[in-house]
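I opened my notebook for a structure that is new to me.

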Amino acid sequence: MCESKPSDSVRDELSVLESIYGDDCNVENAEDSTPTLKITLRPPDVPESHFLPLAILNLHLPTSYPDNDPPFYTLEFTEREKKEQFQSVYLPEPPDVDTDVIADGLDSIWNSTPRPDVVIYEWVEWLRGHLLDKVWNADAVATAAALMRASTLDDPPPHPSKPKQKAQVAATDDHDDDEKDGLFSMTIPPDCPPLFHSATPLVDRKSVFIAHLAQVRSAKDVALVKTALLSSKRIARATHNISAYRIKLPSTNGLLADCDDDGETAAGGRLLHLLELTGCVDVLVVVSRWYGGIQLGPMRFKHINNIARELLEEKRELWDLSGAGDSHQKPTKSNANKKSSRR
């Protein structure tokens, strides 16, 4: 008897969660009918954060999720890994959280979500807000600061941020004159919304991924942006230009949403799923992939969502001020498979 596998919606959700939370999301048994995952929630990035506990949300997805039943979950707290300068300092006990309040909050999200939509992203973000208010609040930071001052050693030096490397936009072996200093040279149609691009390409085994982003208010805006992008010789020569958009319609309070695989089967749907889970509206994201001759397998989907998520976070002001929209709106049928897909 063959063991059943998770549904497509659960697979997509796990893939998007990994791209959103990176190393803080650990999925186990992803191909089993009942996968499990562990998501680490971290306190605010302040000097005292080393003395604040981490929260770990453990989730087990039953075969009836998301059609009928929510995930099973446990919440635990753990100390940060001690660093050399803090060896003589004790850390506070795990916080005394009101588990009933957390249970009520997560149940409320589940009960207000239409079946069979997934809920883990909404759970994690609600829990993060709750912890910021109850566990990682100003009082906790003040206590952590006192602990830090009590150290027998000096206060820890600030961690220098690693400088970003200058973008090396070498998407193909041949170089065009249509790019200078990492910027794409293109013909911009009249009334085309401003375009933004990844500062640093994601490169894996000679395949290159670059995201492009624009704020859009209509299907016409979407067409203008795509026309501008494809006027760049390099973008036009990409193996795939995967896209997804969500637009809030003021007249009906609904959403216009669509995606395009451009030959990379299911990639557009996963990109749209990322926009849905993060609540992005009035935004178009396009990910260009230049195939490097080595097949990446499922990792390519993670790269596509990761490079898109990074640019969305960098340009959050473009979509966050528009409101969360209806994150449960389903996309229309995608215009998929314009090109033959490579793996």
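**Entry: overall make-up**

How many helices and strands does the protein have? I counted eight helices and 12 strands. I keep in mind that this is a predicted model.

I then looked up burial. Of the 343 residues in the protein, 48% are buried. Next came the surface. The protein exposes about 17,700 Å². Carbon and sulfur atoms supply 50% of that area.

I also checked contacts along the sequence. I took those with a separation of 6 or more, and 72% of them join residues 24 or more positions apart.

**Entry: helix 2 and helix 3**

Two packed helices are described by the angle between their axes and the distance between the axes. I looked up both values here. Helix 2 covers residues 99–112 and helix 3 covers residues 120–134. Their axes come within 10 Å and cross at roughly 145 degrees. The crossing is right-handed.

Which residues of helix 2 and helix 3 make the contact? From helix 2 I noted Val101, Ile102, Gly105, Leu106, Ile109 and Trp110. From helix 3 I noted Glu122, Trp123, Trp126, Leu127 and His130. I sorted the contact by class: eight residues are nonpolar, two are polar and one is charged.

**Entry: an aromatic pair**

I searched for aromatic pairs and the count came to three. I followed up the pair of tyrosine 73 and tryptophan 123. The ring centres are 5.6 Å apart and the planes stand at 75 degrees. Planes over 60 degrees apart count as edge-to-face, so this pair is edge-to-face.

Where do the two partners lie? Tyrosine 73 is in strand 4, residues 72–78, and tryptophan 123 is in helix 3. The partners are 50 residues apart in sequence, so the pair ties those parts together.

Buried or exposed? I checked tryptophan 123 and found a relative accessible area of 1%, so tryptophan 123 is buried. Tyrosine 73 has 28% relative accessibility, so I wrote it down as partly exposed.

**Entry: histidine 273**

The relative accessible area of histidine 273 is 14%. The cut-off for buried is under 20%, so histidine 273 is buried.

What is histidine 273 in contact with, leaving aside its neighbours within four places in sequence? I found Asp12, Glu13, Val16 and Val118.

Notes: Residues are numbered from 1 along each chain as its sequence is written. This is a predicted model: local features need pLDDT of at least 70, side-chain atom pairs count only at pLDDT 80 or more; totals for chains, interfaces and linings use all residues. Side-chain values use heavy atoms; hydrogens and water are left out. Axes are lines fitted to C-alpha atoms, for helices over the stretch in contact, and angles run from 0 to 180 degrees between N-to-C directions. Helices (H or I, at least four residues) and strands (E, at least two) are DSSP runs, numbered from the N terminus. A crossing is left-handed if the near helix is turned anticlockwise from the far one by less than a right angle, and right-handed if clockwise. Contact means heavy atoms within 4.5 Å. Ala, Val, Leu, Ile, Met, Phe, Trp, Tyr, Cys and Pro count as nonpolar, Asp, Glu, Lys and Arg as charged, and the others, Gly among them, as polar. Buried means under 20% relative accessible area, exposed over 50%, partly exposed in between (1.4 Å probe, protein chains only). Accessible areas come from the Shrake-Rupley method with a 1.4 Å probe; for residues, only the protein chains shown count as cover. Rings of Phe, Tyr and Trp (its six-membered ring) pair if their centres lie within 6.5 Å; planes under 30 degrees apart count as stacked, over 60 as edge-to-face and the rest as tilted.
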